[in-house]
Structures are given as structure tokens and as C-alpha cells.
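I opened the model today to look up how its parts are arranged. My notes follow in the order in which I looked.

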Amino acid sequence: MIDFHCHLDLYPNPLQLLPIVEQRCKLVVCVTTSPRAWKRTAEYFASAPNVYVALGIHPEIIHAKEGEIELMLEYIEHASCIGEIGIDGSPQNRDSMHLQASVFESILFECEKFGGRILSIHSRRASKDVLHILEKASVDSTPILHWFSGTQSEIQQALELGCWFSINPQMLAGTKGRSLVSIMPLDRMLPETDGPFTTHKGKSYMPWETNLVYKSIAEIKGISLEDCISHIERNSSYILKLIDPSASL
Ligand code: MN
């Protein structure tokens, strides 16, 4: 299986999960929530060739991680994949939105200095701001909008900006998510779980549990499961080459 956005380091027993991930997943992008966590996690998971640890600073905790912003910018040179980054406009995070936006923009500019990066982007209740900053500050990076919940016209705008969409099982549980997915082109979709934060019947989705994503997309798009899998694997393999030119699925 393939998972373009999960928090492997935040499951209760990440090191015990690693052998299962190696066996059952072709590719996992483990996003992190702070640059210090990135450094530690990258060391822990260094032995797993199919796990890529992305350098991140989560917008929801940015107020508590202000001291790590400089470190975040400094490490970008050494990371091929950046996430989780972005803006969260939920009521409890409104106070830090200005800071979130300015950090997001600085990260994008820094990525440009090194020819662009693969980005896993959070945009809950802030899709308009996220797209505006991407338009202003990102040229050579490859933005992947994770769990996108904006509007249909914002999907068009995102596509024009070269964005991809990573889709998790929880997004596909509601009517809004399904209608957004119905207008996302198949050739810009990637699978994710956002585990351990997405759950089914009280249990976290595991990085190898993306079957439902393929099944639901096939249903929504009216294509066979085989076709859906082959589209998404082709997309995944394209992005993987950008992350690591020597790797293949
Ligand atoms: Mn996440």
C-alpha cells in the first residue's frame, strides 16, 4: 500500500510498526510536526527504505514551536520532502493565523532556493490563504494538498497552481468530501491515511489501510478498481521519482 501523509512517529509504538510497514507498504511519507521531531524520526526510521520522513512544523502548534522556526528553515536544504506545513483557520487557531501564514510563506521561499521540494500541505478552514501564498511564493515545488476541504472553484485554482491532492478514508466518509473528490482529476490524486488521527470505529487507520480510498474513488469516478489502482500507482510513482530519483514502487 501507499500512504503519502501519515504520522508514523505518533502511533503508540512506532518502532514496532516499522517491520510491518516495510512488509505491507510500498511507500510511506511520514510527516512530522516539528523540525526537532523530524531529525529524531529520520534517525529512527533510517533503516526503512520505503519510509520517507518529511520535515514539518504543524500549523496547529506553531505558537508553541516558535523557537524552532529558524531550525525549520535551516533544515530545508537537507530534506527532499516537506510537511506537515500550512495554515489552520479553525476557531482555536485563529489567533496564530498571521504567524502561520508568514512561516508558511518563508518555508516556500526557502524551498525555492533549493529548486523546490515536495510539500504536504494542511489547509483546514484556510484554503483561500494557502492558495494565495502558494501563488505568490511557490514555483518549483510540488504542492500536495492533504485532506483538502475548500470549494470546487478552489480546486480549479489549485490545479492551475500545479497542486496534487492526497485523499484519506475519512474525507470520503462525508458528502462534501466525496463531491470534492468527484471533481478532482484522477491524474492528480494520491492516497493517504493521516493516521493515527483518522479513525474507524475508534481504531486508528494504519499506513497500509488505504484500500477504502481506492474503492471509494473508483465508485465516485465510475471506473473499475483495477483502473483506479493503476492511475494512483502511476501518480505515486511519478511523485516518488521527484522525492528520490533512485527509488521505484
Ligand atoms: Mn496530518
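This is a predicted model: local features need pLDDT of at least 70, side-chain atom pairs count only at pLDDT 80 or more; totals for chains, interfaces and linings use all residues.

I then checked how strand 2 is held to strand 3. Strand 2 covers residues 27–31, and four bridges join it to strand 3, the two running parallel. I picked V29 and looked for its bridge partner in strand 3, which is Y52.

Entry 1: In what order do the five strands of the open sheet lie? I read the order as 4-5-6-7-8, with parallel pairing. At the edges I found strand 4 (81–86) and strand 8 (189–191), each pairing on one side only. Neighbouring strands of this sheet are turned by 30° against each other on average, with direction ignored.

I went on to strand 6 (residues 142–146) and strand 7 (residues 164–167). Three bridges join them, and they run parallel. I144 has W164 of strand 7 opposite it.

Next I looked for helices against this sheet. Helix 5 (residues 127–137) packs on the sheet and touches strand 5 (118–122) and strand 6. I noted about 175° between the direction of helix 5 and that of strand 6. Helix 8 (residues 211–221) also packs on the sheet, where it touches strand 7 and strand 8. The direction of helix 8 makes about 150° with that of strand 8.

**Entry 2: helix 5 with helix 6.** I looked up how helix 5 meets helix 6 (residues 152–160). Their axes come within 11 Å and cross at roughly 20°. Angles under 35 degrees count as roughly parallel, so helix 5 is roughly parallel to helix 6. I wrote down the crossing of helix 5 past helix 6 as left-handed.

Which residues make the contact? On the side of helix 5 I listed S127, K128, L131 and E135. On the side of helix 6 I listed E154, Q157 and A158. I sorted the residues of this contact by class and got two nonpolar, two polar and three charged.

**Entry 3: helix 8 with helix 9.** I returned to helix 8 for its packing with helix 9 (residues 225–243). The angle between them is about 115°, and their axes are 9 Å apart. The range from 65 to 115 degrees counts as roughly perpendicular, and helix 8 and helix 9 are therefore roughly perpendicular to each other. Helix 8 passes helix 9 in a right-handed crossing.

For the contact I noted Y214, K215, I217 and A218 in helix 8. They meet L225, C228, I229 and I232 in helix 9. By class, this contact has seven nonpolar residues, no polar ones and one charged.

**Entry 4: the manganese ion.** Which protein atoms are the donors of the manganese ion? I found H5 (NE2), H7 (NE2), E84 (OE) and D194 (OD), lying 2.2 to 2.3 Å from the ion. I wrote their spacing along the chain as H-x1-H-x76-E-x109-D. I looked up where H5 and D194 sit, and this pair links distant parts of the chain, 189 residues apart. H5 is in strand 1 (residues 2–6), while D194 is in the loop between strand 8 and strand 9 (199–200).

**Entry 5: backbone details.** E84 is placed in strand 4. The peptide bond from G83 to E84 is cis, with omega near 10°.

I also noted a cis peptide bond from G195 to P196, with omega near 0°. P196 is found in the loop between strand 8 and strand 9, and D194 is in that loop as well.

My last item was W147. I located W147 in the loop between strand 6 and helix 6. Phi of W147 is near 50°, which is a positive value in a residue other than glycine.

Methods:
Residues are numbered from 1 along each chain as its sequence is written. Side-chain values use heavy atoms; hydrogens and water are left out. Two strands pair if DSSP finds at least two bridges between them. Axes are lines fitted to C-alpha atoms, for helices over the stretch in contact, and angles run from 0 to 180 degrees between N-to-C directions. Contact means heavy atoms within 4.5 Å. Angles under 35 degrees count as roughly parallel, over 145 as roughly antiparallel, 65 to 115 as roughly perpendicular and the rest as oblique. A crossing is left-handed if the near helix is turned anticlockwise from the far one by less than a right angle, and right-handed if clockwise. Ala, Val, Leu, Ile, Met, Phe, Trp, Tyr, Cys and Pro count as nonpolar, Asp, Glu, Lys and Arg as charged, and the others, Gly among them, as polar. Donors are N, O and S atoms within 2.8 Å of the metal (3.2 Å for Na, K and Ca); water is not among the atoms, so sites may look incomplete.
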